[in-house]
Amino acid sequence: EKLLRSSSRADTVHKLLTRGRRSVEQYKADPVPREAIARALECAIHAPNHFLTEPWRFRLLNDEQAARLTELSKFDGTKKLLDNCPQLLVVSIDMSPDGKNDDMEWNVRGLEDHAAASCAIQNMMVSLASQGIGSKWMTGKMGISGEDVLGIFNDVAETEHYMGTFMMGYPKEPMEHMKV
């Protein structure tokens, strides 16, 4: 019986990872509940990270910041995606010289932190998908430099490295019906 429960759980996780999560670009207008975001962030921060550095920074954009990010985008198609997304979040890694990393260098530590933040983002996406919430992680598709994105916030561009913009919301069509 214990093996059966374990197998059922494994099947559920497997289905979620292989068929249940997609990068979503079309969302309903409904906002994502704060509880769902908090749950996803809890999963995100349990990602593996070397020496428990927790280098990731997640910033939920308010309406003014989201409008500014959309305005900065150089591509009309991406502007439309951003404008029609109910919730945007910016992810970065802290590379400040506080004993964790030195001089914003892409040294071994910086690469480990980059990998850890990538794992955190994946955890967040899977958590959201398990709650029926779609997401998409974008980096270069917006045509905006990481420094310009981080410039939306006060004084972080000098100590953080941009990891991407994270879109989330309820998908217009079920994720399992979307093309792989």
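Helices (H or I, at least four residues) and strands (E, at least two) are DSSP runs, numbered from the N terminus. The structure described here is a predicted model, in which local features need pLDDT of at least 70, side-chain atom pairs count only at pLDDT 80 or more, and totals for chains, interfaces and linings use all residues. Residues are numbered from 1 along each chain as its sequence is written, and side-chain values use heavy atoms, with hydrogens and water left out.

The secondary structure of the chain consists of six helices and four strands. Along the sequence these elements follow the pattern α-α-β-α-α-β-α-β-α-β. Of the 180 residues, 43% count as buried; a residue is buried under 20% relative accessible area, exposed over 50%, and partly exposed in between (1.4 Å probe, protein chains only). The chain exposes about 10300 Å², and carbon and sulfur atoms supply 51% of this area; such accessible areas come from the Shrake-Rupley method with a 1.4 Å probe, and for residues only the protein chains shown count as cover. Contact means heavy atoms within 4.5 Å. Among contacts between residues at least 6 apart in sequence, 81% join residues at least 24 apart.

Not counting residues up to four places away in sequence, Arg-59 touches Leu-88, Leu-89, Val-90, Ser-92, Phe-153, Val-156 and Glu-160. With the side chain of Glu-160, the side chain of Arg-59 makes a polar contact at 2.8 Å. A polar contact is a pair of N or O atoms within 3.5 Å; within protein, one must be able to donate a hydrogen and the other to accept it, and residues adjacent in sequence count only if both atoms are side-chain atoms.

The discussion now turns to salt bridges. A salt bridge is a side-chain nitrogen of Lys or Arg within 4 Å of a carboxyl oxygen of Asp or Glu, and by this rule the count comes to four. One of them joins Glu-160 to Arg-59, with the closest N and O atoms 2.8 Å apart. Because Glu-160 lies in strand β4 (residues 160-169) and Arg-59 in strand β1, the pair ties together parts that are 101 residues apart in sequence. Both Glu-160 and Arg-59 are buried.

Asp-94 counts as buried because its relative accessibility is 14%, whereas Arg-57, at 23%, counts as partly exposed.

A further salt bridge connects Glu-25 with Lys-136, the closest N and O atoms being 2.9 Å apart. Glu-25 sits in the loop between α1 (2-20) and α2 (34-44), while Lys-136 is in strand β3 (residues 134-138), so that the pair links distant parts of the chain, 111 residues apart. Glu-25 is partly exposed at 32% relative accessibility, and Lys-136 is buried at 12%.

Helix α3 (residues 63-72) shows how a helix may be sided. Its residues Gln-65, Ala-66, Leu-69 and Thr-70 are buried. They lie on the same side of α3 because they cover an arc of only 140° around the axis, the arc being that of the directions from the helix axis to the C-beta atoms. On the other side of α3, Asp-63, Glu-64 and Glu-71 are exposed.
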